[in-house]
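Here are a few exercises to work through with the model open beside you. Try each task before reading its solution.

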Amino acid sequence: MNGIPQALDALPILGVVFQFLGYTLANIGYMSQTTVAVAVPITLAALTGVLCERSGVVNIGIEGIMLTAAFVGWMVGVAAAGILGAGAPLPFFGVTLPLLVGLVAAILVGMLVSLLHAWLAISMRVDQIISGTIINIGAVGITGYVYTLIASQSPTGAGSFAQYQVPKEVADLPLVGWLINAVLSQGPIGLSAIVIVIILQVMLFRSRWGLRTRAAGEHPRAAETVGIDVIRLRYQNVVMSGALAALGGAWLSMEQTNNFNADMTAGRGFIGLAAMIVGRWTPLGAFGAALLFASATGLSTSLEISPPTGQLGQLMGHVPGEFWEALPYIITIVILAGVIGRSIAPAADGQPYERESAS
Amino acid sequence: MSGPVTKRRPARHRNAIVNAIVASAQPIAEPLVAILLALLVGAVGITMLSGLLAGHSSFDVGLPVAAYLALLGGVASPNGFTSTLVYATPLILAGLGVGLGFKAGLFNIGGRGQFLFGTVGAMAVATTVGTTQSSYITVPLALLAGAAFGAVAGFIPGFLKATSGAHEVVTTIMLNYVFVFVTYWAISGPLVLPNAHQPITADVTTRNAALPIILGRDGNAGILLALAAVPIIWFLLYRTTLGFEIRSAGANPDAARYGGMKTSRLIVLTMSIAGLMCGLAGATTLMGVVHQIAPGYDTTVGFDAITVALLGRSNPIGILFSGLLLGAMRAGSQSMQVQAGVPAELVDALQAIILVFLVVNALRRWLDRRAAKRGSTPLIDADAAQAAEGVA
């Protein structure tokens with residue numbers, strides 16, 4: 001602690017800035033690959049939010065849906081590996097049958113939990129923030145309960161999906177090689193997340209479904225008068241969004257790791273919501289914001305793995321490790337607070353819709 | 001002429017009495033029905049999972065009974081009673097904080113971070129003041145520091161919401177993680193026990209900062225603090241101008257603003273008080289129960305407090321009882337895990353199920369449907385029910 005002022009006195013500020021730039025450039029390949037990977041679950045959470053909130057349903061239960069899906073995907077993978085045997089992995093992404101079964105189970109469970117949120121929020125017209133909180137509390141409880149039940153049998157997972165290996169010729173391309181490598185060196189869930197961003201961006205602003213979704217989120221009464229079934233549309237979107245959140249959860253327990261632990265989502269569902277807000281409720285914007293948040297993790301992992309030397313390293317040595325771990329959360333808060341005034345939510349976001357005839 | 005009138009009048013009269021009873025019993029009956037239904041669903045869940053996962057050869061129908069009996073047995077003993085109060089202490093304190101936020105229309109999910117930062121505050125006093133001063137000075141100072149640190153942790157999201165509009169749900173959750181790391185940093189740096197082999201703080205009993213034991217083996221004086229906080233928060237809410245403003249802002253923020261209330265000041269103040277209560281919960285837990293901050297120290301109080309506040313309908317007296325109830329569940333869950341082999345996490349799962357039944361108003365829906373079948377008017381008028389629904 002006491003070392004910081006003296007260290008700062010001795011350090012040429014400009015020199016350290018240049019050293020930092022140099023360090024970033026030297027490690028850009030690793031840093032950007034980590035950043036894209038870390039952004040995957042945040043992006044999927046943000047897309048879940050976009051899908052729900054564009055149709056007028058606030059969903060803060062994303063965190064709980066991700067956790068449940070991460071757990072179920074892992075657990076069903078374990079069970080399937082026990083019954084079917086691991087089998088030889090297919091030539092791409094290290095796909096095995098148990099992994100696929102686990103992934104499908106995770107997606108189904110994600111949609112099921114989303115259905116509960118949809119029922120509470122749309123049909124029961126419960127306060128949507130309370131409904132989401134119930135899902136978050138329940139996810140911790142139920143996954144913790146079942147995990148404790150089976151942990152005594154010390155189950156081994158069904159493994160995890162493998163990364164795509166970018167051909168060396170492409171990765172070594174001058175100027176753009178590192179970028180292509182960073183984006184494409186992902187597992188199947190990571191790559192599909194990027195594809196889903198693009199598909200959703202086009203669908204939301206260019207398709208009939210997109211127009212209807214946005215109408216239901218901005219002015220449900222008007223949407224209903226032109227014949228859109230707002231309640232059905234909201235149900236559809238919320239349940240579909242559950243599959244995206246589930247993919248984010250499955251990424252944690254089946255692609256990044258091959259294991260499950262309690263609280264493994266670590267707030268990513270909420271960081272996703274912040275990314276959605278910063279990205280102005282658009283898929284592309286949310287992806288950009290997720291990359292921004294993830295870059296903090298990219299930087300801190302890089303600093304940990306290849307610590308900088310010289311005066312920069314001297315300065316970094318005084319920064320406690322906990323600071324780097326807290327950095328993604330701090331950055332999320334700062335950017336959220338900075339951008340929020342210029343980011344406007346769908347007008348009917350979070351308001352339960354009641355048909356005229358029903359009341 | 002007089003026949004039908006005299007016949008009808010007592011009937012109508014009786015209906016009015018039934019209405020009055022139902023209306024006055026509703027705040028108690030609805031949580032109770034929700035809890036009973038949740039226990040039932042929990043029993044089905046325990047049985048199903050016992051057959052599928054826990055290695056039992058068939059569905060063990062007796063298991064939920066054994067589990068609930070063990071839970072009850074863990075509570076219904078002198079030790080169980082004390083430990084219920086001990087578990088309930090932080091739940092009531094933090095529940096009051098979260099409930100106060102609800103009254104103002106603010107959703108404080110930051111209890112975890114505020115609790116942890118309050119713990120750090122109390123520990124900071126214990127490690128600095130506690131080495132030279134007696135417990136008469138250290139204990140109150142540590143409690144004050146816990147409250148102050150918690151208030152700071154609550155102030156931040158309040159300030160951010162008031163100035164930039166950043167939603168408190170996202171900022172408080174992010175701050176939870178920040179304060180987890182702040183706590184880890186504190187116990188490995190400024191608050192670390194000298195010569196310790198791991199990041200751990202001193203024991204507060206050696207720093208004159210332990211709360212005195214007032215009941216049984218481990219019933220610490222934090223219980224009194226929680227009991228005292230209930231009337232104080234009640235008074236604040238229902239007998240002061242600030243309380244009136246909080247309730248107005250929660251009921252209708254626009255009307256409150258047009259009425260001349262400074263809503264941004266109100267948001268900052270309410271979040272700070274909410275954080276203060278959660279910080280106090282952290283301080284009493286440190287000084288009365290855990291006594292030192294060990295590596296990986298964390299809490300579920302922040303989320304439990306949401307359940308407590310919702311079950312108690314954000315009313316301080318309701319929060320007292322729901323805090324005691326959840327405290328009893330936490331106290332009994334350990335003996336349930338040991339005796340019946342049912343994981344203590346059941347309590348977390350039950351909380352969510354209780355809340356589902358509570359927010360969908362299971363009791364009212366059932367009464368309404370029954371009334372509709374009989375062709376009479378609903379027993380509870382829709383306005384009151386709607387008001388009850390909008391707890392937050």
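**Exercise 1.** How many residues of chain A are in contact with residues of chain B, and how many of chain B with chain A?

*Solution.* First, some ground rules. This is a predicted model, where local features need pLDDT of at least 70, side-chain atom pairs count only at pLDDT 80 or more, and totals for chains, interfaces and linings use all residues. Residues are numbered from 1 along each chain as its sequence is written, while chains are lettered from A and ligands numbered from 1 in the order in which they are written.

Step 1: count pairs in contact (C-beta atoms, placed from the backbone, within 7 Å). That gives 38 residues of chain A against 36 of chain B.

Step 2: look for helices (DSSP runs of H or I, at least four residues, numbered from the N terminus). On the chain A side, α6 (128–151), α13 (268–278) and α16 (321–339) each supply at least two residues. The largest share, 15 residues, belongs to α6(A).

Step 3: sort the chain A side by type, with Ala, Val, Leu, Ile, Met, Phe, Trp, Tyr, Cys and Pro as nonpolar, Asp, Glu, Lys and Arg as charged, and the others, Gly among them, as polar. You get 27 nonpolar, eight polar and three charged.

**Exercise 2.** Work out which residues of α2(B) are buried and where they sit around the helix axis.

*Solution.* Step 1: α2 of chain B covers residues 62–75, and its 14 residues reach 20 Å from first C-alpha to last, close to the expected 20 Å (1.5 Å times one less than the number of residues).

Step 1: apply the burial cut-offs (buried at 20 or more other C-beta atoms within 10 Å, exposed at 12 or fewer, partly exposed in between, with C-beta atoms placed from the backbone). L63(B), P64(B), A67(B), A70(B), L71(B), G74(B) and V75(B) come out buried.

Step 2: look down the axis. The buried residues fall within an arc of 140 degrees, so they line one face of α2(B); the arc is taken over directions from the helix axis to the C-beta atoms.

**Exercise 3.** Is R280(A) partly exposed or buried, and what about S314(B)?

Step 1: R280(A) is in the loop between α13 and α14 (283–305) of chain A; S314(B) is in the loop between α11 (301–311) and α12 (316–340) of chain B.

Step 2: count neighbours. R280(A) has 16 other C-beta atoms within 10 Å, so call it partly exposed. S314(B) has 24 inside 10 Å, so it's buried.

Definitions and conventions
Contact = placed C-beta atoms within 7 Å.
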